[in-house]
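Student: I would like to go through the terms used for this model one at a time, with the cut-off behind each.
Tutor: Then ask in each case what the term rests on.

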Amino acid sequence: MEIIKVQKDQVIARKNGKVKYWYLIQEGSVIQKLGISELKLEKNAIIGILERDIFLCEYMAGEDTVLAAFSCENVDDLKNVLMGQEKIRHVFLRAAIEQRHQLLTLYSELYNKARQYHMFVGTVYNDYKTFCSKYKVEEENFYEMEHFKPLVMQHRAEAWEVDNSVSVARKYTQEYLQLMEKDDSLTVGAIMEAAAQMRRFTQGIGEMEAYLSYNKDILLSESGNDLFKRLFDAAIKMYAKKYDIEPVSKEINMIVKIAKKLNIYKERLIIRRFNEYNNYEFDNETASGENGVRKEIDILAEDCLGDILEYAGYASEEAEEICKLMEEYRDMPEGEASGKEAFALRKKLTNIFYDIYYKVFIRAVKDESTLTPVLEMFLNFGFMDVSFVGEEHAQALYHLTAHLDICHSENIYTIYEWLKCIYNGQKEPSKNEFDLDYPAYLVQQRKEGRITDKQIEEFKQDNEKKVEFEIQNMFASVNKITYGRISSFCPILNKNDLLNSIEKMLVTAEKIENSMNEIRKVDYSVFYREVVFSDAARGINCEWIMKEVIPDIILMPNAGTRVTMWQETSGVKRDTPGRIMFPIFTALDIDEFMLDAIGCFRWEMCRRIQGVHWNDIREKSLTSEYCDYLQFYRKNHELSAETKEKVKNMLARAQNKYRGVFVKDYINWVKYESKGSFRLNKVSRDILIKYCPFAKALRKELKLNPVYQNAIERFDLETTKKLQRYNSVYDKYKKAGGEITPDLKENLLFYQM
């Protein structure tokens with residue numbers, strides 16, 4: 001147990017971070033952020049009790065707080081913490097009961113809100129249609145309502161779980177505690193059962209928050225494209241026809257009442273919209289029917305391509321020429337799509353597309369108030385016109401622009417958000433297809449006589465030039481790669497590539513994070529790398545420690561069939577994030593995509609660290625040992641004749657590229673070998689156990705199997721030696737007056753995983 005003091009607003013654990021400790025709150029309070037919702041955890045509550053492997057929530061100190069940290073990654077750790085500790089056992093068990101009940105209370109509130117919201121919106125919409133019919137008022141189309149469905153949950157709390165929690169928490173707490181504290185097994189079982197339930201309830205809360213957040217604009221929105229506006233417009237038209245508008249006013253008052261009760265809207269939005277209606281001068285014939293809000297665009301009636309070209313600043317003649325080329329491409333018969341003329345046309349349009357993109361982006365990023373949904377569709381999805389994607393997909397894309405936050409998180413970006421980061425100086429441009437970063441590219445340009453020494457220094461600070469480099473190089477190359485069919489690639493989003501609904505094909509941040517976290521639970525060290533720590537004044541000149549660096553994920557604007565690991569790091573330093581690119585729409589399995597990308601990342605990261613020795617067996621590493629194994633498999637006495645034939649076939653399928661063979665083995669390693677289902681041969685298995693080890697809990701299970709036993713025991717022994725060495729180094733460092741920083745703690749915990 002370690003006592004930790006944290007200051008108000010200090011983050012204790014981040015969402016998607018690895019669970020290494022459980023933290024018992026001894027003084028103060030902690031805010032548990034589940035998304036939109038928050039819970040306050042007070043004295044004797046436990047941070048991490050509901051999680052397993054990965055934190056599902058973010059925890060922040062609500063005030064100056066004192067925590068007791070327990071190493072508690074699995075059941076065995078929990079047993080060790082509780083063994084013979086009656087007071088601790090009581091505290092942990094009570095925390096499990098009370099925090100489960102706290103989560104269930106929030107779960108129930110959100111569940112009722114979601115049900116109430118769906119029923120109320122349906123009622124309001126039906127009332128609106130009734131008003132329009134009864135008073136002969138033109139009904140406005142509302143695409144969102146056609147696709148508005150009740151909440152369907154994957155992670156549900158059963159009624160009996162709610163009843164059980166209420167009974168235990170409110171009526172029989174003492175009796176329950178007395179019974180469960182009689183035996184360590186009962187205590188551990190009760191805590192782990194409550195923890196498993198809390199995980200499911202937390203995931204369910206996430207689903208309900210996402211449902212309400214995604215659909216709340218249907219009733220009331222900042223843009224004004226909502227049911228409130230439709231009722232408002234109906235009232236204006238009814239009044240013009242001398243009808244009594246009191247029924248509509250009652251409906252609007254009810255919307256305001258329910259909106260406040262739901263607590264999912266900003267109060268200022270409710271007040272502003274209600275005041276617009278209350279203060280509207282119905283007697284003033286010149287009063288605007290727009291209610292002071294933006295009028296919804298009828299995407300099907302828009303000249304989207306014309307609007308994009310106009311925004312990009314093209315002259316009318318040039319825009320007309322581009323439109324003709326676009327029409328020629330759109331109307332091309334399928335039978336001619338693979339011909340030379342079609343290829344030349346696609347190439348020409350591809351160059352035009354990126355020129356348009358750069359011009360639109362530069363104007364948009366300087367004044368985002370000028371962005372329209374059509375421009376957002378272009379910048380994020382590669383959309384150019386309704387005629388290319390079809391009416392249904394165009395409507396869905398238009399609706400999606402209001403919810404693009406679901407494709408963005410701390411490490412996940414749409415291409416537009418990514419380019420904004422480069423423009424704002426938050427990120428550096430990616431390498432080009434020749435593996436040159438931006439400074440190296442400028443040096444090459446100078447060598448070729450294209451720019452001067454003075455221009456190099458100017459361009460290094462020119463963020464517009466950096467964006468231009470990123471669009472012409474990474475964006476243009478990766479967009480084609482992630483699309484998957486290079487010979488028929490065109491960056492304009494096309495209905496032929498949208499094989500399913502937009503909603504089902506959309507690659508969201510949640511899907512990516514879930515997929516990545518599942519791999520991290522198996523291959524715990526995948527994103528860790530060695531970095532240097534030094535403090536010469538206290539006796540440490542150069543100590544290599546392990547640090548986890550999560551890669552950046554960039555969503556390319558296409559409907560594609562491939563993923564690519566573009567860079568293993570962002571720059572020269574090892575502790576910069578890699579870059580993995582996904583298509584923003586896909587009909588394929590994201591988990592398979594992620595496994596493939598991370599397999600490539602594993603290989604390329606090792607190559608980068610090893611440098612010129614990456615395939616030199618004298619320098620032991622993942623790549624050198626794999627290269628040695630594949631190069632000399634025919635002479636390997638540990639492989640049978642049948643296995644050697646399989647290796648030969650694997651090499652043939654991978655076109656004799658060793659990385660390709662490793663990636664296939666890595667996928668089988670994570671998907672099957674981690675579950676004890678054999679897919680690899682002895683040699684490849686031993687290499688992967690050494691360099692891509694399973695998490696401790698999996699190693700413990702697999703060690704019982706003779707196939708894994710020796711290799712895992714060997715790995716565990718080496719890890720124990722390293723841990724002992726670091727403990728010794730840390731002890732000396734602390735005696736010399738050094739402070740164990742979070743990075744040093746993370747390194748120590750790495751060798752305990």
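Tutor: One aromatic cluster is formed by Tyr-524, Tyr-528, Tyr-726, Tyr-730, Phe-750 and Tyr-751. The model is predicted, so local features need pLDDT of at least 70 and side-chain atom pairs count only at pLDDT 80 or more, while totals for chains, interfaces and linings use all residues. Residues are numbered from 1 along each chain as its sequence is written, and side-chain values use heavy atoms, with hydrogens and water left out.

Student: How many aromatic pairs does the structure hold, and what makes two rings a pair?
Tutor: The structure holds 47 aromatic pairs. Rings of Phe, Tyr and Trp (its six-membered ring) pair if their centres lie within 6.5 Å; planes under 30 degrees apart count as stacked, over 60 as edge-to-face and the rest as tilted.

Student: Why is the pair of Phe-55 and Tyr-59 called edge-to-face?
Tutor: The centres of Phe-55 and Tyr-59 are 5.9 Å apart and the planes stand at 70°, so the pair is edge-to-face. Phe-353 and Tyr-354 are also edge-to-face, because their centres are 5.2 Å apart and their planes are at 90°.

Student: How do you know whether Phe-353 counts as buried or exposed?
Tutor: Buried means under 20% relative accessible area, exposed over 50%, and partly exposed in between (1.4 Å probe, protein chains only). Phe-353 has 0% relative accessibility and therefore counts as buried. Tyr-354, at 9%, counts as buried too. Phe-55 and Tyr-59 are both buried.

Student: What makes the charged end of Arg-363 sit over the ring of Tyr-311?
Tutor: A charge sits over a ring if NZ of Lys or CZ of Arg is within 6 Å of the ring centre and within 35 degrees of the ring normal. The charged end of Arg-363 lies 4.1 Å from the centre of the Tyr-311 ring and sits over it. Arg-607 has its charged end over the ring of Trp-614, 4.1 Å from the centre.

Student: Why is helix 22 called oblique to helix 25?
Tutor: Helix 22 (residues 590–610) and helix 25 (residues 658–671) pack at an angle of about 125°, with their axes 9 Å apart. That angle makes helix 22 oblique to helix 25. Angles under 35 degrees count as roughly parallel, over 145 as roughly antiparallel, 65 to 115 as roughly perpendicular and the rest as oblique. Axes are lines fitted to C-alpha atoms, for helices over the stretch in contact, and angles run from 0 to 180 degrees between N-to-C directions. The helices (H or I, at least four residues) and strands (E, at least two) are DSSP runs, numbered from the N terminus.

Student: In what hand does helix 21 pass helix 22?
Tutor: A crossing is left-handed if the near helix is turned anticlockwise from the far one by less than a right angle, and right-handed if clockwise. Helix 21 passes helix 22 in a right-handed crossing, and helix 22 passes helix 25 in a right-handed crossing. Helix 11 passes helix 12 in a left-handed crossing.

Student: How do you know that strand 9 and strand 12 pair?
Tutor: Two strands pair if DSSP finds at least two bridges between them. Strand 9 and strand 12 (residues 552–559) have 3 bridges, in the parallel sense. Among the partners, Ile-412 has Ile-553 and Tyr-413 has Ile-554. Strand 12 also pairs with strand 14 (residues 579–585), parallel, over 6 bridges, with Ile-554 opposite Met-581.

Student: What is the order of the sheet, and which strands are at its edges?
Tutor: The order of this open sheet of 4 strands is 9-12-14-13, with mixed pairing. Strand 9 (412–414) and strand 13 (564–567) are the edge strands, each pairing on one side only.

Student: Why is strand 12 described as largely enclosed by the rest of the structure?
Tutor: Strand 12 is largely enclosed because 8 of its 8 residues are buried. Both faces are covered, with Asp-552, Ile-554, Met-556 and Asn-558 buried on one side and Ile-553, Leu-555, Pro-557 and Ala-559 buried on the other.
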